[in-house]
Amino acid sequence: MSDLQEALARGNHKGAKEKPEVLKKLGIKDVNYGFALPVPLAKLPRIPGICLAPVNIAPQNTINEHGNIIAKDRLTHDQSFKFGSGTSGTSVNSRTKEESLLPCIFGQAFRRHILQVVATRLKFPDANILGVKIDIKSAYRRMHIAFETALRSTLQFEEEEIAVIVLRLTFGGKACPSEWGAASEIFCDLTNALLNDPSWDPEELYNPQSDELPEAASPMEGVELGQARELAIEVPVSDVGSTDVYIDDFFGFAADLPGTDNVRQLERACLLILHALARPKHPNEPRTHPTAPNGL
C-alpha cells in the first residue's frame, strides 16, 4: 500500500507529463480496443494486489504505407522503476521469476535469414529468389496476461483521475518478450512445417485475407542475377524456402523453381497459420482492430 501511495504522489515520467493529450489518446485507444480496463484513480487503494508504475512517451520512427519515415509516439511502461517504501526498493520487474521464463531465441534471426538466402543462391544459381515480410499489428496487445499480473501492470492518467489496468502484454514488462516469443516462435515453426507439407494446396486452404495481397513482384527483365560466394559453414537449404521471425516480424524467402508452387506457398503459409491460431473463434466475437482483421 505504501508503494501505491508513493506512486500516486509521484505520477508519471516527464515525457508523459509534457504530452498529456498524447497519453490520453494512447490510453483511450487501448480501452476502446479492449486491451485495458479503466477504473477511478481514487478507488485503487480498495483493490487488493494493485501496483502502479510510471509511464513515459517515447518518440520513435516508423514508416507509412508509402515507405516514408514518419514520427510516432509509443507508450512505455516503466515496470523497472523502484519505489523506496514498503517493498525495500523493489520493482515489479525485480519480482519476476526469471528461471521460469522461456529463453528468447530470435536474436540472430536476420543473420540466419541472410545465411539461408546465400546458401539457396549457391544451390540454385539461376533461380529468382523472392521474399515476404509480415508484421503483426500491435503484437503485444494481442496476448492476454493473467489478471494478477494485470493488477501489477496498472498505469494512471493524472489529469483525468483515471487508472487503467492493462490486460495485455506491456512495453516494459520483463517477462513480456519471453511470453510473446513463446507464441511467435510457434507461429514460425508451424509456418515452416506447412511449407514442407507436400499435401498442402495453397489454392484450396488459405487465409481469406490472402486475396487482398498484391501480386508478387515480377523479376526484372534483363537483370543479371548476383552470385554467392562459398560459405565457411554448411547451411541446410530447403527447396521450398523458409520463414524466420524477429519478435512480431515474420520474413521468409523461396526460390522460384519450375514446376513448383513455392512463391504462392510463401505468400500464404504464414497468413494461414496466423488465421488458424489467432482468428476470432465465434462469429459474434468482436475484432479488436476493425481496420486490421487478425491484426495483420
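What covers the buried residues of α1? The cover includes β5 (154–157). The model discussed here is predicted. The points below treat this helix, then a sheet with its helices, and lastly the cysteines.

**Helix α1**
- Asp-3, Leu-4 and Ala-7 are buried in helix α1, which spans residues 2–10.
- These residues lie on the same side of α1, because they cover an arc of only 100 degrees around the axis.

- Three strands form an open sheet in the order β4-β8-β7, and their pairing is antiparallel.
- The edges are held by β4 (129–135) and β7 (242–246); each has a single partner strand, so one side of each has no neighbour in the sheet.
- On average, neighbouring strands of this sheet are turned by 20 degrees against each other, direction ignored.
- The antiparallel pairing of β7 with β8 (residues 249–255) runs over 5 bridges, and Asp-244 stands opposite Phe-251 in β8.
- Helix α4 (residues 109–123) packs on the sheet and touches β4, β7 and β8, its direction making about 5 degrees with that of β8.
- Helix α7 (residues 262–278) also packs on the sheet, touching β4, β7 and β8, and its direction makes about 15 degrees with that of β4.

**Cysteines**
- A search of the whole structure finds 0 disulfides.
- A disulfide is a covalent bond between the sulfur atoms of two cysteines.
- Cys-51 is buried at 16% relative accessibility, and its sulfur is too far for a bond because the closest cysteine sulfur, in Cys-176, is 15 Å away.
- Cys-270 is buried, with a relative accessible area of 4%; its sulfur is 7.5 Å from the closest cysteine sulfur, in Cys-188, which is too far for a bond.

How values were computed:
Residues are numbered from 1 along each chain as its sequence is written. This is a predicted model: local features need pLDDT of at least 70, side-chain atom pairs count only at pLDDT 80 or more; totals for chains, interfaces and linings use all residues. Side-chain values use heavy atoms; hydrogens and water are left out. A disulfide is a pair of cysteine sulfur atoms within 2.5 Å. Buried means under 20% relative accessible area, exposed over 50%, partly exposed in between (1.4 Å probe, protein chains only). Helices (H or I, at least four residues) and strands (E, at least two) are DSSP runs, numbered from the N terminus. The arc is that of the directions from the helix axis to the C-beta atoms. Contact means heavy atoms within 4.5 Å. Two strands pair if DSSP finds at least two bridges between them. Axes are lines fitted to C-alpha atoms, for helices over the stretch in contact, and angles run from 0 to 180 degrees between N-to-C directions.
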